[in-house]
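This briefing looks at the open spaces of one protein and at the surroundings of its ligand. Please keep the sequence and the structure in view while reading the points that follow.

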Amino acid sequence: MKNNFDINTLVRENVLKMKPYSSARDEFEDFNTAEMIFLDANENPFETGVNRYPDPQQASVKAVLAKQKNILPNQILLGNGSDEVLDLLFRAFCEPNKDNIISLPPTYGMYGVLANINAVENKEVFLSTDFEPQVDAILDAANEYTKILFLCSPNNPTGNSFSDESVVSLLQNFKGLVVIDEAYIDFSNKQSWLNELDEYPNLIITQTLSKAYGLAGIRLGICYASSQVITILNKIKPPYNVNELTQKRALERLSDQEKIQLEIDSIVVQREDLIKVLHKVKFVSKIYPTEANFILIKVDDANKRYSELIAKGIVIRNRTTQPLCENTLRLTIGTAEENKKLMEALLAISS
Ligand SMILES: *Cc1c(COP(=O)(O)O)cnc(C)c1O
C-alpha cells in the first residue's frame, strides 16, 4: 500500500480549480422515481422513447457493473468507448506541452494518438523481445512530469498479458498513475487487476463492452479506479457522454452473462483450433502466445500474405510496420465458419 500518494498533486491545476457544468438532470436527480412534471431541460415533451436526456451518471448500468465486479459504483466512470475514457485521463492529468506519458510499443495506437491530440509527449519504452515491460527502463524514462503509464494487458497487437511481477513492480515504483487497459481480459485465464484497486491508489483499469461483450457498436467504455480519481474524471466529462440507447442496450446485454460466456468460450476454442492449423502453414514462422481474441503470427512476407488473403476475401491486420513486429499479421478470431474459411485460405496459399 502506498500511503504517501496524493492524487491532487497529479491533477492539472485548471481541473482542480474549475467548477463543473451542472445540467438540469444534475440539479434535480430524481428523474425516474418522482411523479413530477419536467420542464427544466428544454426537452420536447412528446414521447419518442428518447426525448429525455439520459442519466448523466448512468446509475442503472453502474449498479449492475458494481454488483458483477464487486466494486462500489463511485469507483466507476463510463465513457463513449474506452477511447473517451482514455482521453479524459489525458485531459484531467496531463498539462499540454509540459507533462508526458509512457507507452510501451508495440501496443494499442490510441495512447500515442491521444498524447498527440492533447500536446503531451509520449515517451516510448519498447517491450522486450518476448513482449514484456522493461521495468527498469520504464522507471528510468520517467521524470517529474510523467503522469501516466499505459499498460495494455493482454496487449494489443501481441496478445500476451504482462507478468504479475512486472506489473506489481511498476505499481509500486512508478510515481504517476498506472492505467491497465484490460480490453481483452475476458479472453484470458488471468484475473483482472480490479481486485487490487484498494491496494494501489495509483491504479486505473479500463475495460470495454466492445470486445468480449459484443457491443462495439454502442460505444461503452469503463474506467475503474479510486473514488478520488473517478470524482476528478466526473468533473470534466461531457454531461451526457453515454446516450440512452447505449445504456439500455448495455443493461440488456449485461443481464445475459451466460450467453456472453458461451460466446467467449467458443472464441477461445476457435482460437486454439486456429493455432493448430497455423502450425501447418509453411510461411508462418512464429505463433505468439495469446490470451486475447486474436493471434499475432510472424510470416515470411507480411505484405504479400496480407494481399493474398485479401484476394481470397479475408481481411486481417498487417502489423509489419509496428516496432518488434516486422512481418507480423494479426488475425481476429471469427465464428467457426469464418475460421474454417480462413484456415482453408491459409493452407491454400501455403501449398
Ligand atoms: C479495442 C480496444 C479498446 C476498445 O476501445 P473502445 O473505444 O472501448 O471500443 C481499448 N483498448 C484496446 C487495447 C483495444 O484493443
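Predicted model: local features only at pLDDT ≥ 70, side-chain atom pairs only at ≥ 80, totals over all residues.

**Ligand surroundings**

- The ligand is surrounded by 13 residues, and the closest of these are Ser82, Tyr184, Thr208, Lys211 and Arg219.
- In the side chain of arginine 219, an N or O atom is found 2.5 Å from an oxygen atom of the ligand, while a nitrogen atom of the ligand is 2.7 Å from an N or O atom in the side chain of aspartate 181.
- Taken on its own, the ligand has 380 Å² of accessible area, of which the protein covers 93%.
- Sorted by class, the shell around the ligand consists of 4 nonpolar, 5 polar and 4 charged residues.

**Largest pocket**

- The largest pocket, with a volume of about 760 Å³, has a lining of 31 residues, among which Arg25, Pro54, Asp55, Pro56 and Gln57 lie nearest its centre.
- At least two lining residues of the largest pocket come from each of helix 2 (24-27), helix 3 (59-69), helix 8 (227-236) and helix 9 (244-254), and the largest share of this lining, 4 residues, is that of helix 9.
- The lining of the largest pocket contains 11 nonpolar and 11 charged residues, together with 9 polar ones.

**Second largest pocket**

- For the second largest pocket the computed volume is about 360 Å³, and of the 17 residues that line this pocket, Lys69, Ile185, Asp186, Lys190 and Ser192 are the closest to its centre.
- Helix 3 and helix 10 (257-278) each contribute at least two residues to the lining of the second largest pocket, with helix 10 providing the largest share, 4 residues.
- Both domain 1 (7-19 + 56-255) and domain 2 (258-350) take part in the second largest pocket, since its lining draws at least three residues from each of them.
- By class, 8 polar, 5 nonpolar and 4 charged residues make up the lining of the second largest pocket.

Key. Residues numbered from 1 in each chain as written. Heavy atoms only, no water. 1 Å grid on protein atoms, 1.4 Å probe; cavity = no way out; pocket = protein on both sides within 12 Å on 5 of 7 lines; lining within 4 Å. Points joined across faces, edges and corners; volume = space filled by probe spheres on them. Nonpolar A, V, L, I, M, F, W, Y, C, P; charged D, E, K, R; others polar. Domains from an automatic or database assignment. Near = heavy atom within 4 Å. Polar contact = N/O pair within 3.5 Å; in protein donor to acceptor, adjacent residues only side chain to side chain. Areas by Shrake-Rupley, 256 points an atom, 1.4 Å probe, with all protein chains shown as cover.
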